[in-house]
Structure formats: C-alpha cells, structure tokens
Amino acid sequence: MFPQFATHNAHTLAAVYTLARPEAWFAGQYEFQCLHGMGEPLYEQVVGDPARGRLGRPCRIYAPVGRHDTLLAYLGRRLLQN
C-alpha cells in the first residue's frame with residue numbers, strides 16, 4: 001500500500017503530516033498530490049528542504065485529461081472546493 005493524499009487545504013495537509021509522524025514515516029513511503037496550478041505556495045513548503053524549515057516530502061503534480069465538457073465540470077468542482 002502506498003498512501004497518497006491530494007489536498008490544497010493547509011489544515012488537512014498539516015493533519016496528514018502530523019498523523020504520519022515524520023520520525024516514523026520517511027519521504028518516499030507516502031506522498032502528497034497537487035492539481036497543477038493550484039496550491040503552489042503550499043506545496044513549495046511540502047517539497048522544500050527540511051534544513052530550511054520545509055517538510056521535504058514528495059508531491060505528485062497531476063493534470064486531469066478528458067473531453068472539454070467533463071474537464072470543465074471537474075475543474076469547476078475543484079475550484080468550488082477550494
């Protein structure tokens with residue numbers, strides 16, 4: 001099992017990071033996910049260097065694909081959630 005957490009909510013991200021206990025789960029055992037173009041300042045903190053106070057965790061950036069009508073509906077839902 002490889003846990004993957006997709007969120008642009010800083011509180012949710014902090015909760016996942018805290019529950020994963022950084023001393024028990026190292027980078028590469030789980031990852032965060034980010035929709036391309038959203039939450040970039042937050043995810044710069046996630047992938048940044050721990051020596052500079054960042055989390056140093058992997059983050060997969062994804063972009064959904066599909067027909068124009070389904071893609072716009074998907075992006076609309078994501079925007080409303082954020």
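Modeller: Of the 82 residues of the protein, 26% count as buried, where buried means under 20% relative accessible area and exposed over 50%, with partly exposed in between (1.4 Å probe, protein chains only). Please keep in mind that this is a predicted model, in which local features need pLDDT of at least 70 and side-chain atom pairs count only at pLDDT 80 or more, while totals for chains, interfaces and linings use all residues. Residues are numbered from 1 along each chain as its sequence is written, and side-chain values use heavy atoms, with hydrogens and water left out.

Colleague: Which residues of helix α1 are buried?

Modeller: In α1, which covers residues 10–19, the buried ones are Leu 13, Val 16 and Tyr 17. They sit on the same side of α1 because they cover an arc of only 100 degrees around the axis, the arc being that of the directions from the helix axis to the C-beta atoms.

Colleague: And what is exposed on the other side of α1?

Modeller: There, His 11, Thr 18 and Leu 19 are exposed.

Colleague: What do the buried residues of α1 pack against?

Modeller: They pack against β1 (4–6), β2 (31–35) and α2 (40–47), with helices (H or I, at least four residues) and strands (E, at least two) taken as DSSP runs numbered from the N terminus.

Colleague: Switching topic, which residue caps the N-terminal end of α1?

Modeller: Asn 9 does, with a side-chain oxygen 2.8 Å from the backbone nitrogen of His 11.

Colleague: What is the order of the elements from the N terminus on?

Modeller: The order is β-α-β-α-β-α.

Definitions and conventions:
Contact means heavy atoms within 4.5 Å. A polar contact is a pair of N or O atoms within 3.5 Å; within protein, one must be able to donate a hydrogen and the other to accept it, and residues adjacent in sequence count only if both atoms are side-chain atoms.
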